[in-house]
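I am opening my notebook on this protein. I will look up the sheet, then the helices on it, then a loop.

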Amino acid sequence: MKILAVDFGDTRTGLAMCDRTEFLASPIGIITEKAFAKVAEKIVYATREYAAEMVVIGLPLNMDGSRGARAEKAEKLAGVLRGVLTIPVELWDERSTTITAANILSQNGTYGKKRKEVLDAVAAVVILESYLAYRKNQREQGDK
């Protein structure tokens, strides 16, 4: 199933996509809109452009698992997308994904302006890879 992952942010929103086999997750871009409605519109456009069959939105829970303002915005985005799209829209715990993405970029020697340009898309990849690992584990558990 082709799944679009979204790392929703106030300034930049990262997007990633996996192939139909759910094996390879790749960054596909950044939305640089700040207006909520425009971000939602561009996500809808991306689902159509990339023929996504599901959307996974990172849910930025606090480290103790509670929901703050950022999580509420992600939940609002999910609600808007569910009202417009005919494909499933899921929320996925994204705690520490930006830190993980920053570490990946550091290991690859990506710093400065270039790092800022790709960080959110790499964070979306991290969200997607985590979700794909969960789906794979669920399938394997079902096989037993």
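Which residue in β2 does L4 stand opposite? I looked it up: L4 faces M17 of β2.

**Ground rules.** I noted that this is a predicted model, where local features need pLDDT of at least 70, side-chain atom pairs count only at pLDDT 80 or more, and totals for chains, interfaces and linings use all residues. Residues are numbered from 1 along each chain as its sequence is written, and side-chain values use heavy atoms, with hydrogens and water left out.

**Overview.** I found 4 helices and 5 strands in the protein. Helices (H or I, at least four residues) and strands (E, at least two) are DSSP runs, numbered from the N terminus. Along the sequence the pattern reads β-β-β-α-β-α-β-α-α. Of the 144 residues, 43% are buried. Buried means under 20% relative accessible area, exposed over 50%, and partly exposed in between (1.4 Å probe, protein chains only).

I also checked contacts, meaning heavy atoms within 4.5 Å. Among contacts with a separation of 6 or more, 62% join residues 24 or more positions apart.

**The sheet.** I read the strand order as β3-β2-β1-β4-β5, an open sheet of 5 strands with mixed pairing. β3 (25–31) and β5 (89–93) are the edge strands with a single partner each, so one side of each has no neighbour in the sheet. Neighbouring strands are turned by 25° against each other on average, direction ignored. Two strands pair if DSSP finds at least two bridges between them. Strands of a sheet pair through backbone hydrogen bonds, either parallel or antiparallel.

**Strand β1.** I looked at both of its partners. β1 (residues 3–7) pairs with β2 (residues 13–18) in the antiparallel sense, over 4 bridges. These two strands form a hairpin, with 5 residues between them. β1 pairs with β4 in the parallel sense, also over 4 bridges.

V6 shows both sides of this. In β2, its bridge partner is L15. In β4, V6 stands opposite I57.

How many of the 5 residues of β1 are buried? I counted 5 of 5. Both faces are covered: I3, A5 and D7 lie on one side, L4 and V6 on the other.

**Helices on the sheet.** I turned to α2, which lies across β1, β4 and β5 and runs at about 165° to β4. Axes are lines fitted to C-alpha atoms, for helices over the stretch in contact, and angles run from 0 to 180 degrees between N-to-C directions.

Next I checked how α1 meets α2. They pack at an angle of about 50°, with axes 10 Å apart. That makes α1 oblique to α2. Angles under 35 degrees count as roughly parallel, over 145 as roughly antiparallel, 65 to 115 as roughly perpendicular and the rest as oblique. I then listed the residues in contact: F36, A40, I43 and V44 from α1, and K73, K76, L77, V80, L81 and V84 from α2. By type, 8 are nonpolar, none polar and 2 charged. Here Ala, Val, Leu, Ile, Met, Phe, Trp, Tyr, Cys and Pro count as nonpolar, Asp, Glu, Lys and Arg as charged, and the others, Gly among them, as polar.

**A loop residue.** Is M63 buried or exposed? It counts as exposed, because its relative accessibility is 63%. M63 sits in the loop between β4 (54–59) and α2 (69–84). I also checked M63 against R95: they are 32 residues apart along the chain, and their C-alpha atoms are separated by 6.8 Å.
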